[in-house]
Amino acid sequence: MSVPSVAIAKDRLKTLLMSDRIQCTPDMTERLSKDLYQVIAKYMELDPEKVTIEITRNDIHIKYTGENH
């Protein structure tokens with residue numbers, strides 16, 4: 001599946017703005033997202049391509065687009 005370059009640019013800008021708002025580097029945000037995924041994966045079987053973790057200044061949103069069991 002190919003992602004248009006506009007969508008990639010939008011995601012990069014969103015990540016940059018988000019990291020600025022929560023005052024942490026994109027690397028720190030990425031590590032936090034990976035850690036959250038690993039903790040959830042300890043308790044349920046997940047497909048990494050179907051998990052979205054979004055960290056904002058006020059919230060952490062975790063979305064799984066997989067099948068309900």
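Modeller: Helices (H or I, at least four residues) and strands (E, at least two) are DSSP runs, numbered from the N terminus. The structure above is a predicted model, in which local features need pLDDT of at least 70 and side-chain atom pairs count only at pLDDT 80 or more, while totals for chains, interfaces and linings use all residues. Residues are numbered from 1 along each chain as its sequence is written, and side-chain values use heavy atoms, with hydrogens and water left out.

Colleague: In what order do the elements of the protein run from the N terminus on?

Modeller: The secondary structure of the protein comes to two helices and two strands. Read from the N terminus on, these elements follow the order α-α-β-β.

Colleague: What percentage of the residues in the protein is buried?

Modeller: Buried here means under 20% relative accessible area, with exposed over 50% and partly exposed in between (1.4 Å probe, protein chains only). Of the 69 residues in the protein, the buried ones make up 13%.

Colleague: Is Ser-33 buried or exposed?

Modeller: Ser-33 has its place in helix H2, which covers residues 26-43. Because its relative accessible area is 14%, Ser-33 is classed as buried.

Colleague: Which residues does Ser-33 touch, not counting residues up to four places away in sequence?

Modeller: A contact means heavy atoms within 4.5 Å. With residues up to four places away in sequence not counted, the residues that Ser-33, in helix H2, touches are Ile-53 and Ile-55.

Colleague: How does Asp-47 count by its relative accessibility?

Modeller: Asp-47 is found in the loop between H2 and S1. Its relative accessibility is 28%, and therefore Asp-47 counts as partly exposed.

Colleague: What distance separates the C-alpha atoms of Asp-47 and Thr-65?

Modeller: Leaving aside neighbours within four places in sequence, Asp-47 is in contact with Tyr-37 and Tyr-64. Asp-47 and Thr-65 are 18 residues apart along the chain, and their C-alpha atoms are separated by 9.1 Å.

Colleague: What percentage of the contacts with a separation of 6 or more comes from residues 24 or more positions apart?

Modeller: The count starts from the contacts in the protein that have a separation of 6 or more. Among these contacts, residues 24 or more positions apart account for 21%.
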